[in-house]
Structure formats: C-alpha cells, structure tokens
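Subject: The model, with notes on what is in it

Hi,

Here is the structure for you to open on your side. Have a look at it first, and then read on.

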Amino acid sequence: MSATDDPLLLPPERVTVSQPVRFLPGEKKQPVPKPGMALCLSGGGYRAMVFHLGALIRLNELGLLGRLARISSVSGGSITAAMLGLKWGKLRFRKDGFAEGLMAEVIDPVRKLAGVTIDAGAVLIGALPVKTASKQIAKSYAKHLFGDATLQDLPFPKKAPLFVINATNVQSGVLWRFTRPYMGDYLVGRIMRPKFSLADAVAASSAFPPVLSPAIFELDSSLFKKDPGCPLQREPFTSRVVLSDGGVYDNLGLETAWKSLRTVFVSDAGAKIAPEDEPKEDWARHAYRVLDMVDNQVRSLRKRQIIEAFKSDTKLHDGTYWGIRTAIAHYRLSNALPCPPDRTADLARIPTRLKAMNDKLQERLINWGYAVCDAALRKHAADHLPKPPPPRAWPYPQSVP
C-alpha cells in the first residue's frame, strides 16, 4: 500500500466548496468519512493547553471522551493530548463512559506544568552555538510531564483513540505526524512503530516560530518503510528532519480527523491578532506582525469552512466547533453557564507563551473551556447526546470565568 492509499496520509491539495481540507487534482474522490468521533485540539501555548483541559472535563462528564476514535492536536493542544494519551491506560472507564482518574492523572499534572515558565530560558539557551530552543523545551516537557516515554507508550489504537501529534515539515512543506503506529509525512514516507521520544514529538508540534522553531532531528534513513509513492524518500529528507509548529500548516489539527471520520469536535484556543497603532518597522518585528496576520486570516477562513460544512446538505460531517473567542450567548441555550463576554475576552487575549499562570487564571481558563464546550455540544451534537444534562457545577466554583 502506498502512502497516498492511507486516508491518514492523503495530501491536501484539492479545494472543494465548504471543505476546510484539500485534496490533490486527479485524486480519487474523497470517500464518505467512516462513522466515528474525532477531537481536534488547536494550538495557543499554555492558553490552549489549559483551555482544552476544561473541554476534556466536560466531554468526560457527557460520556464522550471514551467514545473518541481519534484525537488530533497541534502546538499547545499537543501538550494536553499527549498527556491524555500517556495516561489513558490508567483511566478507569465506567459503563456510562465516564473516566475516573482524569483529574489526578491528566488535569493536575498539566496544571502543574502551567505554573512553570519554560520558554524564556529555552530561548536564551537556544541562542548558544549547537543549541536549539526546541530541544530545551523538550527537556522541560520530559522533566515535568513525559519522562522518558516514547510514542510506543501511547495507547494501542484499537483499544483507545488514535493520538496524532502534528508538526510541520519545513523541508517537504506538509504535515509531519507523530503516532504510535508511525511517524512521517506522505512525501518523505513513514517510520513504522517509532521509538521516538514523546517529549521531542510534543516539542516539535509546539515549536512556534520564530523563537522556538525549528526542531531538528537526526534520523536513520534505513528505518523508513520503502515506498515508491513518496517522491522525497531520500537523503537529506530521511536523515535530517527540520520541523516547526504544527499550527504553521494546520492551525486546528483538523486535517487527519476531517479526512477519516464523520463526527468532528473542534476546540480552538487560537488568539486573534490585536490592532497596533504603531506597528514596528524593522524587518524582523514587521515580518513577525505580517506572519501573525496571515495566520489569523487562515484560521478565520478554516473556521468558517468548518461551520459551513456542518450545515451543508451533503451531510458528510457533523459535530461542532467551540472557540476561546466565542460568545456563549450565540448558542441561545437558556441553561448555559454564565460567562460574561468581557471576562472571557480577557482570557482570549492571554499571550501565546509557555509562561507561568497563577492558579486563579488557570481555573478561569478551564472553567471557560468547560462552559463553551458544554454549550456547543448540547446545541449542535444532540444526535450523540440523547437528552444531555446541563452541567451541575463549575470544575472550579471559586474561579468563574
């Protein structure tokens, strides 16, 4: 089987109306997505990492967490997803789908990391010769969360969701995927059953430019599965891989989920670019500002396409989207949790950093992710939630958004 026969590796090049992912011209018509649920976790540094924790709590309460077939993530979302994957086997799923142990095994350790600044020191050390900021970030992830775990410590896909940690391959220009079954991309090829550091995979996924990018890895070319359908399966593509943040290519972690599964839940903690009355005019900071604008436009377009596809008469996909910048009143639920828009807008403006947050701010972010996820699911995923009960209480009642 060639790489292009694998739906997880289909290259994104053909634009279709209302579709947020793309396919190659001349490619076989996209098959109807398989039944099943996927969760996509966006990037956004610690802001995203913590916001997504609230979504996991509500998905768990509704019995949906254990029903997921795939969890696809980028950047800050990959920190949360990787910890969930690493601890999946320690969760105790009841008959109603609720996973006991989620708070102790996943939420609390991720929150502990959120109390530590790891990007500032990494940038300083990365400025030294033969050092990279991404490698220092990986060391911090290993110290605080993942230890010496590898991709083989993620759960076996037939017994749990397939966890897909996405990075961007700067050489091939497409997504590089880290999973338990393989790592690679559709142009370079795949290394099967990789014993690759989980901390390194998450560091590559969260190597947001310019300060934490690139993540560079020396690989053994002989480990790649021979595939004549991969035009870049040769050195240096197979021996020295240069990666950047997964959000550079797919800012919602959407592609692998959308091409394979019918029901897609998207949790978006991406920031919106703020106005600047006096933008910087030196080339470095001006270029950074322009790149932020490009990212903002791509994210907004993809969000609109997701929502249009959910509404489309083709009915290829269902699911829902919730975002950190969403106004909860737009869901028009009489029993949605109260979330003042001015206060949630403040949370959406938290900088995209790996910078320490105090407990109160973490709890507000988790509560907001919990509340908006709840509203989106109860409004737009009714087919998967027969008579879903409204939430009984905030995860952290002392810290409402």
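Below are my notes on confidence, helix packing, aromatic rings and a few backbone details.

First, some housekeeping. This is a predicted model, so local features need a pLDDT of at least 70 and side-chain atom pairs count only at pLDDT 80 or more, while totals for chains, interfaces and linings use all residues. Residues are numbered from 1 along each chain as its sequence is written, and side-chain values use heavy atoms, with hydrogens and water left out.

**Confidence.** Over residues 1–17 the pLDDT is below 50. That stretch has 57 contacts in the model beyond near neighbours in sequence (contact means heavy atoms within 4.5 Å).

**Helix packing.** Two packed helices are described by the angle between their axes and the distance between the axes. Axes here are lines fitted to C-alpha atoms, for helices over the stretch in contact, and angles run from 0 to 180 degrees between N-to-C directions. Helices (H or I, at least four residues) and strands (E, at least two) are DSSP runs, numbered from the N terminus.

Helix α6 (residues 198–205) packs with helix α5 (residues 133–146) at about 130°, and their axes are 8 Å apart. That angle makes α5 oblique to α6; angles under 35 degrees count as roughly parallel, over 145 as roughly antiparallel, 65 to 115 as roughly perpendicular and the rest as oblique. The crossing is right-handed (left-handed if the near helix is turned anticlockwise from the far one by less than a right angle, right-handed if clockwise). On the α5 side the contact includes Ile137, Tyr141 and Phe146, and on the α6 side Leu198, Val202 and Ala203 are among the residues. By class, this contact has 10 nonpolar, 1 polar and 2 charged residues (Ala, Val, Leu, Ile, Met, Phe, Trp, Tyr, Cys and Pro count as nonpolar, Asp, Glu, Lys and Arg as charged, and the others, Gly among them, as polar).

Helix α6 also meets α2, with axes that come within 9 Å and cross at roughly 155°. This makes α2 roughly antiparallel to α6, and their crossing is right-handed. Ser78, Ile79, Ala82 and Leu86 of α2 make the contact with Leu198, Val202 and Ser205 of α6. The class count here is 5 nonpolar, 2 polar and no charged residues.

Further along, α9 (residues 341–348) and α10 (residues 359–380) pack at about 110°, with axes 11 Å apart. That makes α9 roughly perpendicular to α10, in a left-handed crossing. Arg343, Thr344 and Leu347 of α9 touch Leu361, Arg364, Leu365 and Trp368 of α10.

**Aromatic rings.** The whole structure has 8 aromatic pairs (rings of Phe, Tyr and Trp, its six-membered ring, pair if their centres lie within 6.5 Å; planes under 30 degrees apart count as stacked, over 60 as edge-to-face and the rest as tilted). One of them is the stacked pair of phenylalanine 178 and phenylalanine 196, 5.2 Å centre to centre with 25° between the planes. Phenylalanine 178 sits in strand β6, and phenylalanine 196 in the loop between β8 and α6.

**Backbone details.** Two peptide bonds to check in the viewer are cis: proline 209 to proline 210, with omega near 0°, and serine 213 to proline 214, with omega near 5°. Proline 210 is in the loop between α6 and β9, and proline 214 is found in the loop between α6 and β9 as well. Serine 75, in the loop between β2 and α2, has a positive phi near 50°.

Best wishes

How values were computed. pLDDT = per-residue confidence, 0-100.
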